[in-house]
There are 6 protein chains.
Amino acid sequence: MFRHSKELQFEVRPERPDALFAAKLQELVGGQFGEMTVMMQYLWQGWNCRVPGKYKDMILDIGTEEIGHVEMLVTMMARLLEGAPSETQAQAAAANPALAAVLGGQNVQHAIVTGGAAMPTNSQGVPWNGGYIVASGNLLADFRSNVAAEAQSRLQTARVFQMTDDPGVKETLRFNLARDTFHQQQWLLGIEQLIEDGFTDGIEDSLADEEKTEPGRTFYSFHEGSTAHEGRWAQGTTMIGNHEIAFEEGRPLSDDVQEVPAPDPLLFATYDGSKGPGKPGDGTGAMVQGAENLLHKAKEKLTGEG
Amino acid sequence: MFRHSKELQFEVRPERPDALFAAKLQELVGGQFGEMTVMMQYLWQGWNCRVPGKYKDMILDIGTEEIGHVEMLVTMMARLLEGAPSETQAQAAAANPALAAVLGGQNVQHAIVTGGAAMPTNSQGVPWNGGYIVASGNLLADFRSNVAAEAQSRLQTARVFQMTDDPGVKETLRFNLARDTFHQQQWLLGIEQLIEDGFTDGIEDSLADEEKTEPGRTFYSFHEGSTAHEGRWAQGTTMIGNHEIAFEEGRPLSDDVQEVPAPDPLLFATYDGSKGPGKPGDGTGAMVQGAENLLHKAKEKLTGEG
Amino acid sequence: MFRHSKELQFEVRPERPDALFAAKLQELVGGQFGEMTVMMQYLWQGWNCRVPGKYKDMILDIGTEEIGHVEMLVTMMARLLEGAPSETQAQAAAANPALAAVLGGQNVQHAIVTGGAAMPTNSQGVPWNGGYIVASGNLLADFRSNVAAEAQSRLQTARVFQMTDDPGVKETLRFNLARDTFHQQQWLLGIEQLIEDGFTDGIEDSLADEEKTEPGRTFYSFHEGSTAHEGRWAQGTTMIGNHEIAFEEGRPLSDDVQEVPAPDPLLFATYDGSKGPGKPGDGTGAMVQGAENLLHKAKEKLTGEG
Amino acid sequence: MFRHSKELQFEVRPERPDALFAAKLQELVGGQFGEMTVMMQYLWQGWNCRVPGKYKDMILDIGTEEIGHVEMLVTMMARLLEGAPSETQAQAAAANPALAAVLGGQNVQHAIVTGGAAMPTNSQGVPWNGGYIVASGNLLADFRSNVAAEAQSRLQTARVFQMTDDPGVKETLRFNLARDTFHQQQWLLGIEQLIEDGFTDGIEDSLADEEKTEPGRTFYSFHEGSTAHEGRWAQGTTMIGNHEIAFEEGRPLSDDVQEVPAPDPLLFATYDGSKGPGKPGDGTGAMVQGAENLLHKAKEKLTGEG
Amino acid sequence: MFRHSKELQFEVRPERPDALFAAKLQELVGGQFGEMTVMMQYLWQGWNCRVPGKYKDMILDIGTEEIGHVEMLVTMMARLLEGAPSETQAQAAAANPALAAVLGGQNVQHAIVTGGAAMPTNSQGVPWNGGYIVASGNLLADFRSNVAAEAQSRLQTARVFQMTDDPGVKETLRFNLARDTFHQQQWLLGIEQLIEDGFTDGIEDSLADEEKTEPGRTFYSFHEGSTAHEGRWAQGTTMIGNHEIAFEEGRPLSDDVQEVPAPDPLLFATYDGSKGPGKPGDGTGAMVQGAENLLHKAKEKLTGEG
Amino acid sequence: MFRHSKELQFEVRPERPDALFAAKLQELVGGQFGEMTVMMQYLWQGWNCRVPGKYKDMILDIGTEEIGHVEMLVTMMARLLEGAPSETQAQAAAANPALAAVLGGQNVQHAIVTGGAAMPTNSQGVPWNGGYIVASGNLLADFRSNVAAEAQSRLQTARVFQMTDDPGVKETLRFNLARDTFHQQQWLLGIEQLIEDGFTDGIEDSLADEEKTEPGRTFYSFHEGSTAHEGRWAQGTTMIGNHEIAFEEGRPLSDDVQEVPAPDPLLFATYDGSKGPGKPGDGTGAMVQGAENLLHKAKEKLTGEG
């Protein structure tokens, strides 16, 4: 359960409205790596965390903080949009380049849809969607995703920081930059903790025994004259298992040449008959097996053997 | 420029068709972390890589390999869908549980839309979209995203591996598991190489000097009784800068209480007048500044001072 | 079945082209509450209406009118886009702020994709989608949605009205404003009629007897110092049942603390074993029950008892 | 800023896992009217509310409660998915209808993507998106949308309630039904309060003076033999202004016949020349006007008249 | 403007309800090539048609017919969904494969969201969206798209036809098959008419004079051992211009090797400095040119030369 | 399997950066008919082609070429975005119309998200998605779609060609125009080859015998005064079967008047009881039939008759 307080976690006090900048700031609200994404990603991971105690608590602490970050940016947007052009301005624009730029670069949904407030969309107006978030139940894989999200998010914040010289906006973004720096480290330290606690060796390797050997330690190059062999990724030992990394030219490892089977004639696919008649989709295989199983099961049960 | 050869990189030979499994396999083709994602993500990063030589070549080598992985899975899908039910089967299903399951769990677009072939969608039928990929131009941030993508992708492959006992399918997935294990390490080694080459210290910290100090080294907890302080992320030193991590109760760091300004009256927002009249959106600020600048610029130019 | 006539329901005669305004007008064509939404929403509700006669006829009358409203706005767009910039204009823009604004704020798909015509998208270029509409089969719930759609749509129309001073455009929007005013009332009167005809008491309360009592009449506050208790929603009697509304601080009404069960080991979720071994996902419960039922049913049938 | 507590607002204790039901429950989590929608909608409206005090506080109280409702359902999903089939089950399904149904109707992302947990998607796997929510800044229009959301949401909850007979699930849904009943009334009482406080007369009628008269009080019928005239919406007085509602056959109110202008020749649209040459898209109108304004402005400024 | 009549264009009388088939039929309602697509595509093309008379009338005639086809299928869906399972059926399913299949394969939104009616989505639940339609203003390009839409739509109808043996459903689909056969020809005849009327030579070749010569008549092969040279597309004469088609191995036609320029340092892209310092994004080029033009224009105007 | 070479298929050398043009060029990269679409569409069709030899090879040749076209445009974008504005420019814009236009019309994701590179989105920022492509397995239907894609794509390229006067950009687009001209013909020649090889008569007519006769040769008009009868589509003989085309006024061909059945009472749809009680959704029909079949099947098997 959640509770709310009126005070923001950190102040968001632009010195002056700026509709053009507000249009850009949408990326940090509702973009692929905006605050809505990390908020939802961490809450979801926390709620589903199967390890009670420090891991679950940590994830939910950060997820709860991020709700407050969405709140901060949405509030800042309303302030940036104060007095944004909402009227026809054709003649004024004709004589005023600054206004022309605002009219051209403004996000018009800020006026038409929200009446001077943020949208749950990115800087191009695309709605935030649940396909951005990651919560797999595997903490190593998820912490890797979280490090990446914080790194991308911080990079975007740094880029946006350059696009304003409003001291109030910059003050808030300085706070956000710091949190992103800290959070990157926190998720990396989380991985160290997972290793220390024996949950992983740092590489997601479920079903390790099932893997092919060669392709697990070989860099394949598909490019004539590639210099990729010069990098650490193509030489030295693997990070797990201590194998020597090989560098090879990529080539087919099989003689499988993409033939696809004859189509079911009822699907009206184009076909020349070269592979014989297609198998009609009557589920025959399943049917035969099902009938046999049914018979077996019924006999077993009726004779009391089951 | 690209060239193609008929042989697949690795064989994809299911022993028997299985429409139910094909529906699940769509996740590895067109899901958030399916082969279409890594193919597009790496090609895009490679094309835009600003460091010629080993980095650019390496990224494009892997991107090119991944086109072949989409090809492998799409071919496997056509084989798994041979003879999938395409006809009315109401009566047959009534007596046959196996067929009933197939009819219930089948992806009907496999019959209606593609005529027995893969879709560019995930396991729930949602089309793959460009919002899944990441290519920021910052290799540290992107390699972090690539590690995460390989970890999630490998985890999903391991889960799907359990859902079949077709030896041919398993053989292919064993190859894919190995590549995902190797690729995770490769991107992590790429980060080591970036550090060695002096491009980064491992944490994305552009504009590091602008950051606030405190929030860059403090874990805030927003949860009574949180045990998050027990983890490495809330104690010890930071990974960069060698600062001591603090653990504090989350609290508002400002007295900013979410007031939003009076709305432009032309936007018809609900407002009680308590903050005075709203600023009409006539772009006045921009206007005044623009006119002044225009005058200044014109004078400068006309008098040859500019 | 539908028939068409060449005359528009109301005239759409802009005095002059205006590509910037056309970009904004897209919101009223293909936005969340644009004409495509109400057209589709009402047609869908009408086709599925289970009460023949005045309700079904009324809904389909309005749905049919709305096809004509899409037609009006699409026609107006083609006229507004006459002579919109379709050529390179770099040098011209350099000396002309008005043209600069048009080039900056124009929807470039109007030139590239449609050749000077409307798109089925909103003002930010996001395609209209079926997720906007509502047709539940429950007329009370749907009429509530329809009132809301008309109110939002009218508000957006009023905002857009301010963004032009073309008398021809304004003339058309005056007609649309009037229809939205009337349609709001019409759906509200529809609710009155539903009450009068005995279909509802105005609150959607299917399965009313199953509801918990307390949470059905209590305002919970999750905010220290909230003044929400001052409103009518937190005092007086409920609208149905004549109960006294209570105002309480929000608190957990249970001791359920978010524990989630041990994961299936085949899913490779991170887990510390603290809740014992996970239940492997073999559908055991279903299996056992299924076999028993199968036996019972077969016996019943074979012995003629069923 | 937000804080979290471990206890759920209300208990979510299914008696037994049920993967089939979990697939359906997704609609109430991430569907058009699921808990994610109302949570985001109310938080957004609250943050942007221009009337401080009871309105803003009330909206944020409910928004905060709804975060906890998402939390409840996500937790319930993890419990419902305990031991959901994650392995190949072909032979077992062949003999077991119950298992066949589970395999057929299960949401396979629950196993492949989340490892036994909820997705931020609807019951068909479509990701939640920001296009579902409404926050216009106009409280009347938004409260209308909120009543509708609660009515639709309650209706869906009632339908889902019938699809399980797990007493634990039903207990939670009884709580949710009650909240939806209360919340419908609360938003309706909010409208009464808005009227009492003088913010509206209950119909969104910004720019009322600009409206056309006739279309604001007339029901147009587009259907031969329509019985729509029998309803209250087509007779009696309007809800505002006390006018008599008219019922008329829908007919074109203008002689405007859908002609669209000659296309810009550079757009390569198909055109027969019947309306003369198209206007090339060189922004001439804007250009001329812009140049004149520029001249005027510059003169004004240089002569100190501006 | 449109009018409606109660009678359907053609009857839609399923003999019995069939929820499984209804789930599949969604593809023909709201899929990429469903009735919503052709309805919207033709109406949009018709409204924007720049050639008054027979072309515009023809397109609008068919668009109007297609509204009625959506109506037919939506009505059929409501009938197919009569008595679809809306209750918990766990035990019943355990003994009944037919019911198990229905429960597994049913579109649960048909019960939860619409109350027994069609959704505006495809067979996998993905909402119809405006990105499916095409209306370019160029009749040749659009008629090509229309032929394709009818061919795909007819193929899907034929596939779906096989999935039912309800005589009533088949009767309706027989009508739809016939219309799709006719409409394919109609759009092809439309192209013949365009050629006869002198609007095109059948190939979209705007700006034909600007084209490169060689690449306009050469088949490039990127595949060792490709047999593509055997087809008509790689030999004989071109369809326009009467050139000989060449068949060549695909090779780079330039020495351009994918170098991308040094990045703006403010974007924090990874860069090794090998191409010198990046150009900071201050719009210098535009600035210089703009200032010059401004000066020139102002002088021109002030001296009355412009 | 694929291989890559560093050289581009054709040069992409803009003479100077142009951020405004880059925003438009996105349509040709990630739009409905951009290079990503044709690349994915042809690869998918090729992988699934059931006719080995010249057809499959030809489709894959072109698909492989198109990967290189995406590569060309993405590389061009990075060059066009060199030095695009990434900093705050408010004051500069105030005096400079050219810069104002760039700031207003720039795609801000080019700076914030990619650091000066292309996005996998269209010109309005909407992500490319798999719903754009077509691969049905039926070569006639797919070649029709391919002709349409090339025609639309070429038309858009011609429109974009007018929007720049950079000789380097034009040089590349001249190559692309030529390829689109050739590819249109190639797919049309592919249809001729399909006819010659006996796979089709040029009209998709699977299940031709099932079609209704009349609707297969009649143009229905739904528009008073329609002149559609003047076109070839409404007179003369059909393209297959040599029937005379009829022209008729559209009218209902049945007396089916849109009644929908009584709703399941558990769905809480609004209903007046006029059609008797609704059928509760217990799957009765399926149940009865299922039990009978089960009995029959079991008997058959137990007695060895099956």
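Where in chain A is the place of A:His183? Look in helix 8 of chain A, which covers residues 167–196; helices here are DSSP runs of H or I with at least four residues, strands are runs of E with at least two, and both are numbered from the N terminus. Before going further, note that this is a predicted model, where local features need pLDDT of at least 70 and side-chain atom pairs count only at pLDDT 80 or more, while totals for chains, interfaces and linings use all residues. Residues are numbered from 1 along each chain as its sequence is written, with chains lettered from A and ligands numbered from 1 in the order in which they are written.

Back to A:His183. It counts as buried because 25 other C-beta atoms lie within 10 Å; the cut-off for buried is 20 or more, exposed means 12 or fewer, partly exposed is in between, and the C-beta atoms are placed from the backbone. Setting aside neighbours within four places in sequence, A:His183 touches A:Ile62 and A:Glu150, where contact means that C-beta atoms, placed from the backbone, lie within 7 Å.

A:Glu150 turns up again in the UniProt record, an unreviewed entry, which puts a "binding site" feature at A:Glu35, A:His69, A:Glu150 and A:His183. Those positions are given in the numbering used here, the feature names are shortened, and such annotations may be inferred rather than shown by experiment. The four are spread over 149 residues of sequence, yet they cluster in space, with a largest C-alpha distance of 13.5 Å.

Now for A:Glu35, which sits in helix 2 of chain A (residues 35–48). A:Glu35 is buried too, since it has 23 C-beta neighbours inside 10 Å. Beyond four places in sequence, its contacts include A:His69, along with A:Glu66 and A:Leu28.

Zooming out, chain A splits into domain 1 (19–196) and domain 2 (208–249), with bounds from an automatic or database domain assignment. Their centres, taken over C-alpha atoms, are 37 Å apart.

How values were computed: Two residues are in contact if their C-beta atoms, placed from the backbone, lie within 7 Å.
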